[in-house]
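Morning, everyone. I have one model to show, and I will keep it short.

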Amino acid sequence: MKEWARKITDDEVRERYVSEVVERFKDKIMRVERNASNQWIIEINREDLPEVVGYIINHPEWKETQLSTMVGADERPRRGKFSMIYWISINGESGDIFIGIKTYIPEDDPKFPAVTPVHPGANWYEREVKDLLGLVPEGHPDPRRLVLPDDWPEGVYPLRKDFHYTDSPKRDFTDETKYPYKEPPKGTAVFPLGPYHVALDEPGHFRLYVKGEEIVDVDYRLFYQHRGIEKIGENRLTYDQVNFIAERICGICGTAHALAYAQAIEAAGEIDVPERAEYIRTVMAEIERLHSHLLNLGLACHDVGFDKGFMDAFRLREHVMWLAERLTGNRKTYGMVVIGGVRRDFLEYRRSMIERVIRELKENFQKWVDQTLSTKTFVKRCEGIGILSYKDAKRWSTVGPFARGSGRDLDARRDHPFAAYKYLDFKVPIYKEGDVLARCLVRAEEILESIWIIEQALDEIPGGDILAEWREIPPYREAVGFTEAPRGEDVHYVITGEGNRLYRWRIRASTYNNFPALPDAMRGNTVADAVLIIASMDPCYSCTERVQVVDAKSGKVRVLTEKELTELSRKASRGV
Amino acid sequence: MEGYERITFSFIAVCLILFLPPLLDGIARKIKAKVQLRQGASIFQTYYDIMTFLSMEPVYPTERLSFRLAPYIAFASAVSAALVLPYGKVIPVSFTGDIFVFLYVLAMVSIAYMIGGFSLNNTYTNTGANREMMIMLSIEPVLGVAIGTFALNAHTLRMGAIPFAVTFTVSVLLAYALLAYSVYVEGGFIPFDVAEAEQEILEGTFCEYSGYLLGIFKWALMIKRFALLWLLSSFISIPPIRNVANGTLGGALILITQLIVLFLLYAGIAVIESMNARLRIDHIIRKNAGVFLCSLAVLALAALGW
Amino acid sequence: MAVTLKYPFVKLEAPPEYRGVPHINPRLCIGCGACVQACPADALLRIDDYEKGTRKIVLDVGRCIRCARCDEACPTGAIRMTRTFEVATLDRNDHIEVVELRLHRCPNCGNYTDYTERALEKALQILPEGPFDKDEIRKKAALCRNCRRRLTVDETIEASREVVE
Amino acid sequence: MEELFTLTVILYFLSILAVLPLRKNYRVSIRAGHVLTGLASISLLAFTIGALPEVLKGKAIEFTYNLGVAKIPFHVDGLSLILCLVLGSLGLATSIYSPRYMEFYERFGRGWLYVVLYSTFVLSMVLIVTTSNLLWFVFFWEVMTFTSYVLMVWENDEEYVRKAGWKYFVTMHVASTLPLIIALAMLYAKTGSIDGLNFDNLATLHLGSLYYILFLIGFGSKAGVVPLHFWLPDAHPAAPSNVSALLSGAMIKVAVYGLIRMTCFILRPTETFGYAVAILGTITLTVGTLYALKQTDAKKLLAYHSVGQMGYIWLGVGAGIALMAKGGPWAAFGAIAMAAGLYHLVNHAIFKGLLFLSAGSVLYRTHTRELNILGGLAELMPLTALFTFIAAMSIAGEPPFNGFMSKWMIYQGTFLSGNGLLVFCGVMALFISAATLASFVKFYTTAFGGVPTALTENAEEVPASMLLGKGFLAALCLLFGLIPSSIIPLLLAPGKTLTGVDLSGWISTKYWLVTIRAPRMPSGGETYFNPWLLVGVLGVLVVAMLISYPNRPKRVVKVWTTGEPVKHEHYKLRAMHYYGPFEEYIHGLYHSGEALSDWGSSVCSTTVKGYLTLGRTLLRWAEKVERSVSSAGRWYVENGKEVYLDEAVASPFIQLITGLGIGLEEVSLNYDLLLVIAAAVLGLIILILVGW
């Protein structure tokens, strides 16, 4: 076991953190509970939320803290109250610990004091709780809708237990969207970016308020493709099935989500995963990181018109994709991770395949980096652009390469070792410049580290089972599962339920934490760089759907048949 | 005899002007693909693209005449500009022999692009048009110095006459470099393609064009590039063979040399294009201004007769 | 590695491990519905019609997420991931695969049971050797739930009566 | 021919007389006045055309007005005729345009005063460019300055207008009239008689280089040459647009006339002086246009362009002077260069006049000149948009409009001069041509492009008479662009007179083909341009494409906002943000330009201060006089609304004329009657013209 890993798994260290919090807020704390080796839950009154959460996050000595996730749950059937829990992780050299600050909110007075003024990173979480559960954050600086569409009626909260998952409230399709965007500052024009924009991978909307080409202010909007996965997971699916839906949250970092979910359930159900399975999980996670980072570096090149770099990066990525296909049967959405282990073993021929591909990748990627960094025009475009300061990075609780490019020293693989990372040795690349180039370099170095991790893992992989047997998971246990996805820490929080079903499942993808920081990175840059800055944050995809026609009058959704589709396309192209 | 020669060459010229540019684009795409280690589409792909565009009915964002006529004006100006260049020893339609008229007529392509872009309330098209203008603004003095040097050396501004009259001095060689640079920038090749940047501003003005309007506009832009490069290629290819090229055969020789140089230039440009990222507009202005300040030295050399 | 092929003019072979479109082999399918239970995406449905006495196992590839859970769950190997990946079509109905099986009719009351004839056949086929009354099992297995319960109750009563007597 | 000239003068006087009885009715007085000034302009144009054959033969028309107390000698040669053409056509256009446009200023009243000033202003310019006596030249010059000043401050309830007017008034007197008066005094001392100040007499004298400097400053400041341009961008926009058109279109051209007349015809052209003029021109065109690039006030933008375009004219004229002085084959080429400068002079008068009238039309309908808040006028004012577009393309120098022809000739004159310095000037001119284009793309597209804003959505096309005035100028833009042979012979006349060389070997204009030959040109190196062939080729191609791909909008949709709705007033690049990165790059130049301008105005203000201090010391003995003189300016600026300095000064004259007009007051001169009289006068003009 590596030296640092030993240090941070030390229980004493963990208890010291918790006891400091407990000492300080003695009178306000109602309950302290340890629910997994590195997860504590502290229950307080809702009035004290900003103070306690703010204290831990802005603690002067624990530098690399962040708001990992915040979950509102409708616990009325059980306790007659709503619950909310703020999960704060303490990273870096400081230690390996998740502290959940839990509070209950009565049904008749669904309000709580907002944490956002103390820590802006809570902005989205609190708006989401308001949208989906009807818990109102008081004193929130930006009380606009976040998740729900414009035509969703007021007072209908989809995540409450009395809202059935097949329900569809009557919606008014006739009106065009009237989202209350910020008024443009005086003398500025609006530069709308998305949701349909060539360079955006995801249907997000940025509203750049520009003076000529200079970005003065930014407003944004997301959740065009909100799919209500959490609700499905809580109602329709069994634990095992959820795992596969979790994998499909993201087209790029599916394994990270599946793994985070599986680990959450494993933590709640105290399932021991065989060591070989942990190694295989690690290798899969790193393969995923390889292809994701190569994709992002390629796209960064593409966004500035450097197609040689783009094509070369994608060609390298193609090898990784091919490898993934041979290992798991698919290029993405590997379907490897299940609760208790993995589904496919690394047979001998697969091992040699990995070794070969990794060796080639190592050589070629080094060449790619040299070539790209020697392209002056590319470096010129990336240098000094989209600077996110360390302070802003911390303020918004950013994660992953986006945070590490701004000098934040955090990486869930090292700080909260999961899977086989505790047995392996690797570096966490950190750049302090905070610009696009720094983020690209972080990714480039992480690719090399990933290669090194895979090499180690293949060397050290033990024999044995790959799947642990598990029977039943005790109901109403809470746990968080976390992984370091390519874009940063992914956190899944579960409350287990009865009948092989989840009671509450909360997904927090890494982009969720990174996104609100983008306006800070974009202000003061030019329109030309906007797309590059967005790409350098590496936002997550949503998968597209088939063509559906929504009849604006009746609100019915109809899927087109072949004939109609052909007819429609013909009409569109002939301009009739 | 004279008449037949003129008609033949003019016919070849018109064919070249109209139908060579897409092929050149296709070849450039193929070369880029090869540089990027791709297979790449067929060299005729650009023809297919243009034909597809031309067969489709456009969707109009406005009924404003300035928007609707812009592609036609661009196309007509690009072709007109290309028609006054020498093909062999023949100029197909000589409404002028003057390089300034050529440049101004060519600039009308950009003006059409700008007017088209600015006739809408759309920040994308506006920004594209705005950038086009700034590039033109910043490259114009460099072009001016190049022409000035040629004028000082050859004592004429007639395109057909400069390559025949120019004497090779240091300043003229540098003027060639300046001309090549300005042709590259004016042609809007990467890293100077900011006005039609796809990822940043959705191809600028083209964002709102569709169907055959877009087809005509793209075609016009290709012809504009062709005209610029043909000018450069004439300037490069005529001087070395001007003494041996006599009569009709000489004209044919010049035409073939021009074509070969054009292909070489295009190939070179394709390689440079694929190896570079797009610059930002402020980078470009700074770069062009720097080139201009350096180019003043060239003008000084030319004034001294070197 | 040459990455670009002249696809679709050149056929592209998927690797042997590839998880492609699932396909139900109707000859093997016994209509047990295990795959329907396993499917996270509701791509598989079981539709019973007790009037006509049919069971439909409906596979909608348009909904399938290629997780291969059905493949793992199938007791007969009827549903298998193929190596096909070309699923683009203009009509989403092309994606639907239906296996229709006859439900077993209870020999006692004449109603349809909630299992198919094939499932029954398969179950009886794989009966392990053992010290129990195979004929009795065959007889009872063929009955519908109600009749079986009634029969069991009757038998128990009879048995207890025997004991009493 | 001089009868027509006399008729012009009489008509101008008549217009002054005619409005005095009508001074109670604002609209009628302005209409009546402008009918007469319009007729006067037609008469002047007729005179120009009538005198053309004589002048082209190299002869001048000479005549003298003997007013008893004074004799005013006139000498009309090619140079004068060019200016007569400008004044005639521009005067005609403004006369047609103004009656409706001046309704916009009805709240200020005093329509009769406006007409009096307008007529005096135009007439003074006509007389400046035709008189051949320095004393009268300076006298009319002062009349021109004075009347233009009063017209400039017409909108006198605005603080900035009064300030700009005062700035103009002081600068003109310090930097323009003063040097001229010094020169006049020195020459008078030399010759000793008023007749001795006749130009032909002065030309026989050998005069020192001091005169060059005096004339350079005197005419340079009037022409708005850097660094004495600082008054212009404030003064020209302050005036009503029709007056701005005359100020920018005609008045500053008169300064060029003066420069050529004084330094080439009276003094001898020298190379150094030519280079100085060319370099000043280059600096002016660079500074003026680059400043114009960042303006968002429509009229201020146009005013800065007046500075810039004056630079082109000076460059052409300067190159002409330098090359003519060089002698030999270059002299002929110099004549071509000077003709290029004069060509630009004529063209600038036309398109800048048109642009100011267009800006006035926009102001008339939308009550604003701020480009940031305008937009979408092309839909609502289609003809105005068309005329503005023609003018914008002309000033930007796009073929086949007139601006291109003159710029092209300036390029020929500089690039082919074989002189590194002039080539550099040409390079700058080429660059600034692009900047001009940029600026006018902005001007046109911000005001006319896009969707109407809240401010403009109720605008409609301006009245027919205003359109007619602009249409006339737009037609001239096309005429001088497409048929250069219609004007080039006239433009070559001054050069011909100066050099005495036969230019037919150097420049030939056959209908529409212009061919230029420069010294040392290799055989087959002549440059030529045929605008008709260009238009033909363009037209054929456009029509062919339109036939192949007919342009009928079948599907009109909203603009693409990438999926989220954006209000159209926010979805637009604002005028102030056009070319941001470029302006940012050259902001150093703006700094130095401001420094130059500050320097120029501080020199002037120091002079004024010194003058006032001197005056105060000298006039201390007469306190009464002192008070009224030294505080006149301040007093005027502060109380501009109540009392007029000009009115006070001119009141005896006005009262005299009023008295004369009393007799006519009974005659009910209504508009219709005026038109009948106008038709009669028009007939008279035609008769005279035909008679010759």
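I will take a sheet in chain A, then the chain contacts. Keep in mind that this is a predicted model.

Start with the sheet. Chain A has an open sheet of 3 strands, in the order β13-β14-β15. The pairing is antiparallel. Which strands sit at the edges? They are β13, residues 478–485, and β15, residues 502–508, both of chain A. Each of them pairs on one side only. From one strand to the next, the twist averages 15 degrees.

Now look at one pairing in detail. Take Phe482(A) as an example: its bridge partner in β14(A) is Val491(A).

What packs on this sheet? Helix α8 of chain A does, residues 254–269. This helix touches β13, β14 and β15 of chain A. Its direction makes about 150 degrees with that of β13(A).

On to the chains. Chains C and D do not touch. Their nearest C-alpha atoms are 26 Å apart.

Last, chains A and B. Here 31 residues of chain B contact 28 residues of chain A. On the chain B side, four helices each supply at least two residues: α1 (2–35), α5 (123–154), α8 (198–201) and α11 (281–304). Which one gives the largest share? That is α8(B), with 4 residues. By type, this side of chain B divides into 15 nonpolar, 8 polar and 8 charged residues.

That is the tour. Questions, please.

Technical notes: Residues numbered from 1 in each chain as written. Chains lettered and ligands numbered in written order. Predicted model: local features only at pLDDT ≥ 70, side-chain atom pairs only at ≥ 80, totals over all residues. Pairing = 2+ DSSP bridges. Axes fitted to C-alpha atoms, helices over the stretch in contact; angles between N-to-C directions. Contact = placed C-beta atoms within 7 Å. Nonpolar A, V, L, I, M, F, W, Y, C, P; charged D, E, K, R; others polar.
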